[in-house]
Amino acid sequence: MSRPVSRVLTLLELLQAGGVRTVAELADRLGVGERTVRRYVDHLVDLDVPVESVRGRYGGYRLAPGHRMPPLMLTDDEALAVLLGLVAGRRTGITAAAGTAGETAAAKVRRVLPERLRHRLDAVLDSLTFTTAPAESAAPEAAVLLPVADAVRHHRPVAFRYTGGRGGGGERTVYPYGLVAHAGRWYVTGRDLAAGAERTFRLDRVRGARVLPGTFEPPPGPGPAERVLTALATAPYRHAVTVRVRGTAEEIRTRLPASVAIVAAEAGGRGAPAGADRAGDEVWCRVEMRAERLDWVPGVLASLDRPFVVERPDELRGLVADLAARLLDAARSAPPGG
């Protein structure tokens, strides 16, 4: 590469760091005169790189938004961060790139890397393993994510077509409070104007999102993440489970995340429920869960390692007793060949 071309690319890298760079600063960093800096800027403009001239006492040059992305100059650490971010995004399901966009983006980055750096990064990616299975991904379309995010940021209503989990749906108009990424899925939470209540929508089930005129004022109270987790924990399922557990809300929430259960301290914060073993003035909490099946609930309650009393449903008491009997039989059994 000739020295002028190399310096032009170095100039681009300096401008990509952000902010306004004075001509004197650029000349010093490139080791050339100020007139040469202006000529290098003209080279970038000829390549459709949107370099903007800023006049005034603290004027100089900066990159402005353009009609396409200019060439990116990445350091070794930046290239590694980009590739690992793309890999981790696909692995956790958090990527918002639908289809193969994440894979093609990673391929483009690798293709323009110097051979020395590409081999080193490939060594990292080839030797990297994960302790968890890949998350199920339900990436939203960019045509949905971008207008919804714009509506959230500027407090504007958004309209879209929505298909529910059981196939039903239709047109919705929503005051969106926030976007939330959880367990490989993207959600928008807000007030559904037709229902007159707060609702949570999966973005991968949204089509035709468009921002509407007007503004709204987001309500006070919990943030979007807490609203989504509460909505997931209280979603309609076949069984409504209520259990009283001895312990503080903070202690119980370490075993029961907000997306699984609603944990609330009892009024006054103390007092054992009827039928529970009395242990002084212990704190008890009410735990509410929704479940399509009950077979997994006894194991979760046992894992709390705390006294509990089942309030509903009655069927759950029998399943807890069955689990206790199996555990007792296992504890009493001798090992094979013993």
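Q: Which helix holds Glu226, and is this residue buried, partly exposed or exposed?
A: In this predicted model, local features need pLDDT of at least 70 and side-chain atom pairs pLDDT 80 or more, while totals for chains, interfaces and linings use all residues. Residues are numbered from 1 along each chain as its sequence is written, and side-chain values use heavy atoms, without hydrogens or water. Glu226 sits in H8, residues 224-233 (helices are DSSP runs of H or I with at least four residues, strands are E runs of at least two, both numbered from the N terminus). With a relative accessible area of 49%, Glu226 is partly exposed (buried is under 20%, exposed over 50%, partly exposed in between, with a 1.4 Å probe and protein chains only).

Q: Where do the buried residues of H5 lie around its axis?
A: Gly102, Ala106 and Val109 are the buried residues to look at in helix H5, residues 101-111. Because they cover an arc of only 60 degrees (taken from the directions from the helix axis to the C-beta atoms), they lie on the same side of H5.

Q: Which element gives the largest share of the largest nonpolar core?
A: This core has 18 residues (buried Ala, Val, Leu, Ile, Met, Phe, Trp, Tyr and Cys joined through side-chain atoms within 4.5 Å). Elements giving two or more residues include strand E8 (239-246) and helix H10 (297-303). The largest share, four residues, comes from E10.
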